[in-house]
Amino acid sequence: MAIIVDEKTKLVVQGITGYQGMYHSQAMRDFGTQVVAGVRPGKAGERVNDIPVFDSVKDAVDRTGANTSCVFVPAPGCMDAALEAIYAGIETVVIITEHLPVLDAIHIVSVARSRGVTVIGPNCPGIASPGRAKVGILPSMIFRKGNIGVVSKSGTLTYEIVNAISERKMGQSTCVGIGGDRVSGTNFIDVLDRFQADRQTKKIVLVGEIGGTSEEEAAEYIKNNVTKPVVAYIAGRTAPPGKRMGHAGAIIARGRGTAESKIRALEAAGVKVAKIPTDVPDLLK
Amino acid sequence: MIGGRVDKAFDIASEMRNAPYGKSVRRECLNSPVWGYQDKSGHMKLFEYKAKEVMKRHGIPVPDGFVVSKPDEIKSLPGPVMVKAQVLIGGRGKAGGIKPADNIPEAKKAASAILGLNIRGYITKQVLLERRLDVVKEIYLSITIDRSRRSLIFMASAAGGMDIESVPENQILMLPVDPAIGYQPFVGRYVSGFLKLPPDQAEQVADVCAKLHELVVAEDAELAEINPLVITKDGKVVAGDAKITIDSDALFRHKDFESLPEDLTPLEQKAKALDIAFVQLDGNIGVIANGAGLTMATLDSINMYGGKAGVFLDLGGTDDPEKVKSAMLLMSEANPRVILLNIFGGITKCDTVAKGVLEAIEAKRMRIPIVARIKGVNEEAGRAMLKSAGMIPAYGLSEAAELASKESLKVV
């Protein structure tokens with residue numbers, strides 16, 4: 001089972017000729033992903049890591065049957081690339097690109113919703129279903145196949161927690177890094193909904209951080225819709241008020257948005273909340 | 001109420017406003033004319049006069065006015081004026097930053113009183129002189145980003161002139177702009193309908209809504225706020241104040257905004273140039289980590305063991321050894337009691353990262369105790385290198401946090 005990416009994923013990498021595209025197309029394939037095509041306008045006919053490169057997503061879809069895209073295209077061309085993927089019939093678009101203007105994100109997400117396309121990101125590490133497929137830049141070595149679904153706003157913190165889970169001989173069904181930007185294609189609730197329906201997933205880990213209100217909204221959703229056990233960690237419990245920690249999602253807003261508010265909401269929904277990331281595996285036992 | 005919960009409005013509005021500028025008094029700025037400042041998190045906030053210029057360009061009525069940085073620059077007035085401090089902080093009026101003037105001598109007097117005024121830590125460098133309005137009614141109107149709905153959202157209230165956060169919930173309209181539908185004239189009609197205005201004013205307010213939306217899209221603004229939107233005695237609708245924040249991620253298509261200066265210390269400037277987030281706190285452990293979430297988790301973990309971070313550097317989600325090295329060099333200048341390096345490697349091998357760290361230590365002849373935890377491929381080799389150079393290697397996050405905290409609490 002797993003969610004969003006699996007053995008049936010046929011991936012096209014947009015921006016495959018850049019450093020990241022080159023490195024990660026190989027890493028994704030080593031993980032087991034079917035990487036069927038790359039796109040770079042003007043570079044049709046070339047091969048990267050022996051993956052055929054096309055001028056357009058449409059060509060890639062027509063020739064290879066790609067159904068999922070991973071976008072590495074830098075911010076100025078990112079909206080164009082993501083919308084091209086949707087236009088060409090791609091079902092899942094994973095946007096790794098950071099610093100995407102927020103209005104571009106709003107437009108991409110709106111179009112994707114109207115077409116029933118799943119967008120993950122922007123500014124996210126991607127998604128991995130161990131033993132099946134990975135789309136994005138998550139380090140392969142941390143994963144272990146299992147039945148824990150992980151959803152996280154963060155990048156490296158996700159790696160930390162997944163690694164801690166794997167070191168304790170527990171594994172993951174799917175790990176989704178939804179990204180920490182203010183506007184994301186997929187939010188906690190979208191992923192919780194899928195994990196609840198996924199037969200492989202038995203327990204869920206939610207990794208949030210201060211800022212915004214999506215953890216509070218997730219708590220409300222869990223209370224009413226999720227029967228599987230959920231463990232959470234919220235980063236920034238000791239962060240000083242009013243300091244932004246680097247990216248758009250991480251800011252303390254008034255009232256809701258603080259670590260206390262999120263932890264309170266999650267605990268009220270029956271979620272076990274870890275004090276530090278390394279406590280997550282204990283709470284999963 | 002159309003829309004939803006008011007606490008969302010608080011969040012959205014305060015998030016935009018509370019983005020920190022730092023505690024210190026603003027430093028002298030060399031660039032002139034100054035339009036605004038970019039804060040530490042990259043928000044580009046325009047001064048009122050610049051925001052009004054932008055609004056005027058998009059057809060929103062603003063009072064006639066001009067900006068000066070010396071009283072002598074006042075040569076003529078458009079009539080009775082208000083003299084207004086140009087600072088990026090609220091509460092100007094209460095702090096004596098807004099004064100009326102009826103003629104040139106009065107205006108000069110008011111300007112000299114306000115220029116140089118310290119308003120909640122912000123030194124006034126410029127004043128805006130603009131035609132005084134005969135205010136009959138004050139409206140709150142803004143448009144910003146709604147994270148949950150993933151759209152733009154209008155906020156409006158008939159209780160304008162005060163902070164939106166202190167207006168009761170049932171008096172605020174929150175009206176999302178469905179991105180699939182886009183802005184349509186009905187949106188403006190909903191806003192002016194909520195405000196219960198007579199037809200002529202309703203039409204003007206609806207028109208301001210259309211232009212405000214157009215402005216936000218054209219300029220990539222994250223926030224455009226008019227508070228108050230004034231209805232004058234003769235029934236005109238005019239922007240009494242103006243706040244605009246530009247999305248710094250969109251600067252690649254707005255070259256005209258790019259010259260905004262930033263209010264940063266020299267160390268912060270260096271960090272910024274290297275694309276490293278640098279935050280000063282009040283403890284004595286210097287934390288270097290990669291990624292905002294991991295950095296915060298490292299701070300949480302230190303706290304668990306009784307330590308306190310004094311400064312942290314967030315490299316972003318990268319394990320680029322050059323960047324790690326630069327961060328070490330920067331950190332040595334911040335001179336913490338202990339350094340805690342926590343790098344979760346995705347791409348780079350640990351020994352490569354460790355090599356950069358060693359180079360930095362040698363270059364600076366650093367004597368500060370360093371607890372290092374580098375996770376990833378070739379972990380053992382990396383750890384051995386760090387250990388042989390006298391560092392304290394750690395396996396996991398908790399262990400690293402514990403070791404660094406202990407070290408920081410040692411009595412010299």
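The model is a predicted one. Twelve residues from domain 1 of chain A and eight residues from domain 2 of chain A make the contact.

Look at the domain 1 side of that contact. Helix H1 (19–31), helix H4 (102–115) and strand E7 of chain A are the elements that give two or more residues to it. H4(A) supplies the largest share, six residues. By class, this side of domain 1 of chain A has ten nonpolar residues, one polar and one charged.

Now turn to the sheet. Seven strands of chain A form an open sheet with mixed pairing. The order is E3-E4-E2-E1-E5-E6-E7. Strand E3 (47–48) and strand E7 (118–120) of chain A each have a single partner strand, so they stand at the edges and one side of each has no neighbour in the sheet. Strand E7 of chain A is also among the elements on the side of domain 1 that touches domain 2.

A helix covers part of this picture too. Helix H2 (residues 57–64) of chain A packs on the sheet. H2 touches strand E1 (10–14), E2, E4 and strand E5 (68–71) of chain A. The direction of H2 makes about 145° with that of E2(A).

Finally, take one strand pair. Strand E2 (residues 34–39) and strand E4 (residues 51–54) of chain A run parallel, joined by two bridges. Across this pair, A:Val39 stands opposite A:Phe54 in E4(A).

Conventions: Residues numbered from 1 in each chain as written. Chains lettered and ligands numbered in written order. Predicted model: local features only at pLDDT ≥ 70, side-chain atom pairs only at ≥ 80, totals over all residues. Pairing = 2+ DSSP bridges. Helix = DSSP H or I, 4+ residues; strand = E, 2+ residues; numbered from the N terminus. Contact = placed C-beta atoms within 7 Å. Axes fitted to C-alpha atoms, helices over the stretch in contact; angles between N-to-C directions. Nonpolar A, V, L, I, M, F, W, Y, C, P; charged D, E, K, R; others polar.
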